[in-house]
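Colleague: Please walk me through this model, and give the cut-offs as you go.

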Amino acid sequence: MNTKRAAADRGQVTGLPEWDRCGVMGVVNVTPDSFSDGGRWFDTTAAVKRGLDLVAQGADLVDVGGESTRPGASRVDEEEELRRVVPVVRGLASEGVAVSVDTMRASVAARAVAAGAVLVNDVSGGLADPGMIPAVAAAQVPFVVMHWRGFSDGMNSLAVYEDVLAEVTAELRTRIDAVVSGGIAPERILVDPGLGFAKNAEHDLALVAHLPELRALGFPLLVAASRKRFLGRVLAGADDASPPPARERDAATAAVSAIAAQQGAWAVRVHEVRASADAVRVARAVEGALRGTRTRSTRSTEEGTR
């Protein structure tokens, strides 16, 4: 497959690497209360090692966060978030890793960029901290605009939609306009539909089913489905059945990664990398085979009309 054409199809982000396929962003939660890994990488040394392990497994980027955004989570204070995040970002960047910082605070974003982060992934899309957009604009780094309606401790009550695709698309478009007006260059913007944030399983599945419509916003798309509640609900089957624990949802996560890659996502964000890295590479190979078939078919048609 032509690498430049593949990159163009997914969209390109100034300041970030280009791949000939959907990228894989590995997650390192430097928190004691993550819904997914519950403090396994809370120590700086362990977190850096985890990030390097994810790169060895196929991660193209590593997303470092120091504040849990699971439903119902309370916020940590600024100094604690800085203490958790900055040393890990510095440690990974010093090893040549492309690091993203997952934060809603402008101060943490700025300090992380100074420590070597190349991307700011703000789940609030700049809404939580009015200083975020100016800080990112000044740093001239890429920025993820995620669909967000409120903080974790109250977001479940905000999961009310008449048409989730239309409303999420419209709210993302409004937020993108605000981010561009705030000084962040359009070529440095990614969008994220915010799966699991103020959404129930039905909403999340509808968004995954309509990723091409979200890509029509005109920006590279980051899909973050990893281990989330909607996958647990799908795997549980019956409404009254208990969903499997978060760490038992990695095969389901890889399935979404394959779907997202096939639908043209720029990258997927996952806790366990290997299966999703395999999934996006298979999707790339299938896409290449399909394009080869179409090219041969077109040539045969043209030759037949001569």
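**From a helix start to the sheet**

Colleague: At the start of α2, what does a side-chain oxygen of D43 reach?

Modeller: That oxygen of D43 comes to within 3.0 Å of the backbone nitrogen of T45, where helices (H or I, at least four residues) and strands (E, at least two) are DSSP runs numbered from the N terminus. This is a predicted model, so local features need pLDDT of at least 70 and side-chain atom pairs pLDDT 80 or more, while totals for chains, interfaces and linings use all residues. Residues are numbered from 1 along each chain as its sequence is written, and side-chain values use heavy atoms, with hydrogens and water left out.

Colleague: How far apart are the end C-alpha atoms of α2?

Modeller: They are 20 Å apart, which agrees with the 20 Å that the 14 residues of α2 (residues 44-57) should span at 1.5 Å a residue; the expected span is 1.5 Å times one less than the number of residues. Just after α2, G58 takes a positive phi of about 125 degrees.

Colleague: Which residues of α2 are buried?

Modeller: They are A47, V48, R50, G51, L54 and Q57, with buried meaning under 20% relative accessible area, exposed over 50% and partly exposed in between (1.4 Å probe, protein chains only).

Colleague: Over to the sheet, then. In what order do the strands come?

Modeller: Eight strands form an open sheet, with parallel pairing, in the order β6-β5-β4-β3-β2-β1-β8-β7; two strands pair if DSSP finds at least two bridges between them. At the edges stand β6 (189-192) and β7, each with a single partner strand, so one side of each has no neighbour in the sheet.

Colleague: And β2, how many of its residues are buried?

Modeller: Five of the five residues of β2 (residues 61-65) are buried, so the strand is largely enclosed by the rest of the structure. L61, D63 and G65 point one way from β2, whereas V62 and V64 point the other way. Five bridges pair β2 with β1 (residues 23-29) in the parallel sense, and four join β2 to β3 (residues 99-102), also running parallel. V62 in β2 stands opposite G26 and has V99 as its bridge partner in β3.

Colleague: New topic. How many salt bridges does the count come to?

Modeller: The count comes to 13 salt bridges, each being a side-chain nitrogen of Lys or Arg within 4 Å of a carboxyl oxygen of Asp or Glu. One of them joins the side chains of R105 and E81 (2.6 Å, N to O); the pair links distant parts of the chain, with R105 in the loop between β3 and α4 (106-114) and E81 in helix α3 (residues 78-93), 24 residues apart. Both R105 and E81 are buried.

Colleague: Which residues are linked in a network of salt bridges?

Modeller: That network links R50, R227, D250 and E272. Between D250 and R227 the closest N and O atoms are 2.8 Å apart; D250 lies in helix α10 (residues 250-262) and R227 in the loop between β7 and α9, so the pair ties together parts that are 23 residues apart in sequence. R227 is buried, with a relative accessible area of 2%.

Colleague: Last one, on S226: which side chain does its side chain make a polar contact with?

Modeller: The side chain of S226 makes a polar contact with that of H271 (2.6 Å), a polar contact being a pair of N or O atoms within 3.5 Å; within protein, one must be able to donate a hydrogen and the other to accept it, and residues adjacent in sequence count only if both atoms are side-chain atoms. S226 counts as buried at 2% relative accessibility, and lies in the loop between β7 (222-223) and α9.
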